[in-house]
Amino acid sequence: MSAQAERKTENLPQWKREEVDELADLLADYESVGIVGLTGIPSKQLQDMRRDLYGTAELRVSRNTLQIRALEDAGYDDLVEHVEGHVGLIATNDNPFTLYKELEASKTPAPINEGEVAPNDIVIPEGDTGIDPGPFVGELQSIGANARIEDGSIQVMEDSTVLEAGEEVSADLANVLNELGIEPKEVGLDLRAVIADGVLFDPEDLDIDVEAYESDIATAAARARNLAINAEYPTAATAPTLIAKATGEAKSLGLQAAIEDEALMPDLVSKADAQVRALAAQIDDEEALPEELQDVEAPAAEADAEAAAEDEGEDESADEEDDSEAEDADTDDDEDDGDGAAGLGEMFG
C-alpha cells in the first residue's frame, strides 16, 4: 500500500480500516476481480447465490466508499467507475469468460414491480388464461391485451405486447402480470466489468458464442493447412499429406513412362491388358486374333489402371475451397503414408 493510501486509511474508524484490509486481502488472493450489480436481488436469494458460488468465486458486499478505497489501494482504478448503486466485489481464479457464463446461467426469472423499467418487451402470450369470466378481462384490455371471454374462460386472442423495453411498469400492469404468473425480468448477479492479468473486460467482450468461436478456429486451421499443402510447405501436420501426394504423382509418372518397377508391375500389366483388349475389340476379323482375344468387348476405359493411378495423385492436391472438404483431408491422407514412402523409395532409389 502506498504512503498516501496509508494516510487515507489512518483517518478511517477502526472498523472501516479492518473492512478495507479484508477487501484488500480478497483482491490479492484471486487472479480475476470484478464488480457485480445487486439491484433487485432479495436478501435471501443473494445468500443463495453466494452459497452457489462457493468454490468457484467469492462475493463480498460492502459500502461503496470502502470498495473504492480497496480497489484504488490494490491498483484496480479501472473498476472504480463501475462502483455505483448497489454493487459488490467478486473475485475468482477462473477466466473472465467462465465467470460471465456462470453468472448468466445462474439468473432466474422474477416478477416486475410498479415503477421498474422493463428490461425487454413485455408480451402476454396468446391462449387461455385459466381465469373465470369477470372483471379481469377488462383489466387485460386496459393494458393493451387482446382479450375476451370465450368457452367459459378469459382468452388472450393473440400475443400482445403490453410494454416496450425501457418503459416504466404501471401499477395496473404489475397486478395483471402477477395474476398471470408472468415473470418478465431476470434476477442475478450482473457483471459490470472484470480485470484479469491487467486487462479490463466489459460484459460485451465476454458475451460470445463458444460453439461459433470454436468453429471459426477449426475453419481457420483447415484453411491454413490447405494453403500449406498447396504451397508445399512441410510441417509435422502437412508432411504426411505431401509425401502421399508425391508418391501418387510419382506412381502416375512411372505408369505413363512404363518404368518396369516391381511396385508398378501389377498396374502396368493391367494397363497393357486393357489396351490389348481395346485394340482387339476394333478388329472385325476375329480369326485374325488369338483364341483368348476372340469375342472380347472393349473396356469402359482404355486405360483404367492408368486413370486410377493418376487420380491418386490428383486427389491429394488439396485444392478444395469448401471448408468441410479441407477438414476431411486429414483422414484421407494418413493411411497411405508408410506404403507411399516405401513405394517412392523403391521407384526412384
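Reader: What counts as a helix here, and how are helices numbered?

Author: Helices are DSSP runs of H or I with at least four residues, and they are numbered from the N terminus. In this predicted model, Phe 97 lies in one such run, residues 96–105, which carries the name helix H6.

Reader: What is the mean pLDDT of the protein, and which stretches fall below 50?

Author: The mean pLDDT is 82, and 81% of the residues reach 70 or more. Residues 305–310 have pLDDT below 50, although this stretch has 13 contacts in the model beyond near neighbours in sequence. The other stretch to mention, with 52 such contacts, also has pLDDT below 50, and it covers residues 312–349.

Reader: How many helices and strands does the protein have, and what share of its residues is buried?

Author: The protein has 15 helices and 12 strands. Of its 349 residues, the share that is buried is 35%.

Reader: Which residues of helix H4 are buried, and where do they lie around its axis?

Author: In helix H4, residues 64–74, the buried residues are Leu 66, Gln 67, Ala 70 and Leu 71. Seen down the axis, they fall within an arc of 135°, so they line one face of the helix. Their cover includes helix H2 (14–29), strand S1 (32–37), helix H5 (77–80) and strand S3 (87–92). After the helix comes a residue with positive phi, near 85°, namely Gly 75.

Reader: Which elements do the buried residues of H8 pack against?

Author: In helix H8, residues 171–180, the buried residues are Leu 173, Ala 174, Val 176 and Leu 177. They cover an arc of only 165° around the axis, which puts them on the same side of H8. The elements they pack against are strand S5 (122–124), helix H7 (136–142) and strand S9 (160–163).

Reader: Which residue just after H8 takes a positive phi?

Author: The position in question comes just after H8, and its phi is about 75°. The residue is Gly 181.

Reader: Why does Phe 97 count as partly exposed?

Author: Partly exposed residues lie between the buried limit, under 20% relative accessible area, and the exposed limit, over 50%. Phe 97 falls in between because its relative accessibility is 33%.

Note on methods. Residues are numbered from 1 along each chain as its sequence is written. This is a predicted model: local features need pLDDT of at least 70, side-chain atom pairs count only at pLDDT 80 or more; totals for chains, interfaces and linings use all residues. Side-chain values use heavy atoms; hydrogens and water are left out. pLDDT is the predictor's confidence in each residue, from 0 to 100. Contact means heavy atoms within 4.5 Å. Helices (H or I, at least four residues) and strands (E, at least two) are DSSP runs, numbered from the N terminus. Buried means under 20% relative accessible area, exposed over 50%, partly exposed in between (1.4 Å probe, protein chains only). The arc is that of the directions from the helix axis to the C-beta atoms.
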